[in-house]
Amino acid sequence: MAIEIPMDRPETGALVLRPARLSDMFLLMDLADQVGYRIDPEWIRARLDADAAWEAHAVATVADVPVAAAHLYLLPPDHPRKPAWARLTALVVDEDHRGAGCGSALLGHCEQLALDRGATVLEIAVPPLRHPMDAFWRGHGFGVLPPAQHAKQLHPA
């Protein structure tokens, strides 16, 4: 299901949040490359084919071109450390679209996806040395929630 969000900058056009598709693969690879990740196309193909109950791959698009991407992984309820936790393992915004609200919109979408899958906590599991985003996470209500450096309790809207 796609969600359309008007943007602050009219020249940007509407931002549409939707599941990632296989046809997005090379644009997803480019986004990952912008923050120092080299991703194999077969890895992306396998992740996009993963069970949607446990993984979500979302993109924010402008004119149906992905300008931001996120990967969300739900830990199984019987996980020994974190039952009902979800992990955001990637959140990347294209360099030309940073500061326009794309990352915030996509993060909010991921929080809702985690809630929809039964998660009560969202943990940010993005390596901080690759692209420090501490201020971004804090600005969205994330803080230390042991053992996570950046996590927050999720509450239905």
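1. A contact here means heavy atoms within 4.5 Å. On that basis, residues 24 or more positions apart account for 60% of the protein's contacts with a separation of 6 or more.

2. The model is predicted: local features need pLDDT of at least 70 and side-chain atom pairs count only at pLDDT 80 or more, while totals for chains, interfaces and linings use all residues. Residues are numbered from 1 along each chain as its sequence is written, and side-chain values use heavy atoms, with hydrogens and water left out.

3. The protein contains 4 helices and 8 strands, taken as DSSP runs numbered from the N terminus (helices H or I, at least four residues; strands E, at least two). Their order from the N terminus is β-β-α-α-β-β-β-α-β-α-β-β.

4. Of the 157 residues, 41% count as buried (under 20% relative accessible area, with a 1.4 Å probe and protein chains only). The accessible surface of the protein is about 8400 Å², and 58% of this belongs to carbon and sulfur atoms; the areas come from the Shrake-Rupley method with a 1.4 Å probe.

5. Helix H1 (residues 25–34) packs against helix H2 (residues 41–48) at an angle of about 115°, their axes being 10 Å apart. Axes are lines fitted to C-alpha atoms over the stretch in contact, and angles run from 0 to 180 degrees between N-to-C directions. H1 and H2 are therefore roughly perpendicular to each other (65 to 115 degrees).

6. The contact between these helices involves Met25, Leu28 and Met29 of H1, together with Pro41, Ile44 and Arg45 of H2.

Notes: Buried means under 20% relative accessible area, exposed over 50%, partly exposed in between (1.4 Å probe, protein chains only). Angles under 35 degrees count as roughly parallel, over 145 as roughly antiparallel, 65 to 115 as roughly perpendicular and the rest as oblique.
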